[in-house]
Amino acid sequence: MKAIVCTRYAPPEQLQLRDVPVPVPKDRQVLVRVQATSVNDYDWSMVTGRPRIYRLFFGLFRPQRPIPGMELAGVVEAIGRDVTQWRVGDQVYGDTSNGGLGTLAEFVAVPETELRLMPAGLSFVAAAAIPHALELAYQALVQIGKLQQDERVLLNGGGGGVGTFALQLAKQHGCAVWGVDTGGKLEAMKAMGFDRVIDYTQQDFTQLGERFDLIVDMKTKRVPRELARALAPKGRYVTVGGDPGRLVALLIARFLGRRNMHIVSLKSNKNLDTLAPAIGNGTLKPLIDGPYPLEETPRLIRYFGEGLHTGKVVIQVAGALILRPGRNT
Ligand SMILES: NC(=O)c1ccc[n+]([C@@H]2O[C@H](COP(=O)([O-])OP(=O)(O)OC[C@H]3O[C@@H](n4cnc5c(N)ncnc54)[C@H](OP(=O)(O)O)[C@@H]3O)[C@@H](O)[C@H]2O)c1
């Protein structure tokens, strides 16, 4: 099979498209024929080894697993001996970050627990853009941030994959939503429905004199004292990621009493089945940058790392597939 292979930490341009053996699923694994996958922060870190702290997860000296990619939409091709949930032909999607990565390839073997049945009618390209970003947004806004009707919400880093879903969730709650990002994304964000957009290279949202009931941050770069300035009296701050030093400062601040400041620890795929009706009927839908062919992965990881994308960068791995009727149809 064709796969993107990464044997050492290096600029993305050094990734190679190679022929490698199709993996054999273990007893509790499922072999998926990948139709589409997407680019995420993990790919940038796994390929470049930066920030260096991520090498603790991916391998100290070189990536332990040679094929990057963590999100997928595809079709079950084969199942391991002890798999109970899946049948050959099922259309599945999921965030495999807990189960081994490797989705930038024509086939991947993943634990059966890392997959969910795709809602009927969803395309593979759309499905590949959903699991990671929607879960981060839902867990940040709804489950941790306790989003209420008609609140004032600010999404810092709102022009990326998580921000798109966060906006939709906040709008479903009738909220006024401000978004912070930069470049060409600002126009796209206005078109998506943000009530106000701020360019972070021009203005600091903590210095505007505005107060928000909920701030969700995709890229924490400020200390808790500055962030608290932008919160209303009962306001909550929830971060999904950012500078490691700033995240440690937040943990300390929380420990010292700022109980309204939270860090999301993603539980992958947790709510996808609950959200399936909204995904299936298009109430929750991704903003897709692409789809692009697998061969373009090196360029796309650079493009993602430099923040030039809007929404989710999706890679279509296989051409159109003739599907047998299955549980999704
Ligand atoms: N909590 C967890 O368990 C967990 C798990 C996985 C991933 N994550 C984190 O989740 C986040 C993923 O978000 P995503 O997929 O939406 O990423 P994304 O698509 O890269 O979007 C993030 C956006 O933030 C913008 N940005 C960068 N610096 C900023 C700043 N100082 N102020 C405001 N905006 C800024 C980026 O624009 P430019 O690049 O153009 O500046 C980009 O548009 C990452 O931080 C990742 O590390 C968390």
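Trainee: Which residues are closest to the ligand, and how many surround it?
Mentor: The ligand is surrounded by 26 residues, and the closest are G157, G160, G241, L266 and G307. A residue counts as near if its C-beta atom, placed from the backbone, lies within 6 Å of the molecule. Please note that this is a predicted model, in which local features need pLDDT of at least 70, side-chain atom pairs count only at pLDDT 80 or more, and totals for chains, interfaces and linings use all residues. Residues are numbered from 1 along each chain as its sequence is written.

Trainee: Which elements give two or more residues to that shell?
Mentor: They are α4 (131-144), α5 (161-172) and β9 (176-181). The most comes from α5, with 3 residues. Helices (H or I, at least four residues) and strands (E, at least two) are DSSP runs, numbered from the N terminus.

Trainee: And what is the shell like by class?
Mentor: It has 12 polar, 9 nonpolar and 5 charged residues. Here Ala, Val, Leu, Ile, Met, Phe, Trp, Tyr, Cys and Pro count as nonpolar, Asp, Glu, Lys and Arg as charged, and the others, Gly among them, as polar.

Trainee: Changing topic, what is the strand order in the open sheet of 6 strands?
Mentor: The order is β10-β9-β8-β11-β12-β13, with parallel pairing; two strands pair if DSSP finds at least two bridges between them.

Trainee: Which strands stand at the edges?
Mentor: Those are β10 (196-199) and β13 (261-263); each has a single partner strand, so one side of each is left without a neighbour in the sheet. The parallel strands β9 and β10 are joined by 4 bridges, and G179 stands opposite V197 in β10.

Trainee: Where does α5 pack, then?
Mentor: Helix α5 packs on the sheet and touches β8 (152-156), β9 and β11 (212-217). Its direction makes about 165° with that of β9, where axes are lines fitted to C-alpha atoms, for helices over the stretch in contact, and angles run from 0 to 180 degrees between N-to-C directions.

Trainee: How is the chain divided into domains?
Mentor: There is domain 1 (2-130 + 286-316) and domain 2 (132-263), with bounds from an automatic or database domain assignment. Their centres, taken over C-alpha atoms, are separated by 27 Å.

Trainee: How many residues are in contact there?
Mentor: In domain 1, 14 residues are in contact with 12 residues of domain 2, contact being C-beta atoms, placed from the backbone, within 7 Å.

Note on methods: Contact = placed C-beta atoms within 7 Å.
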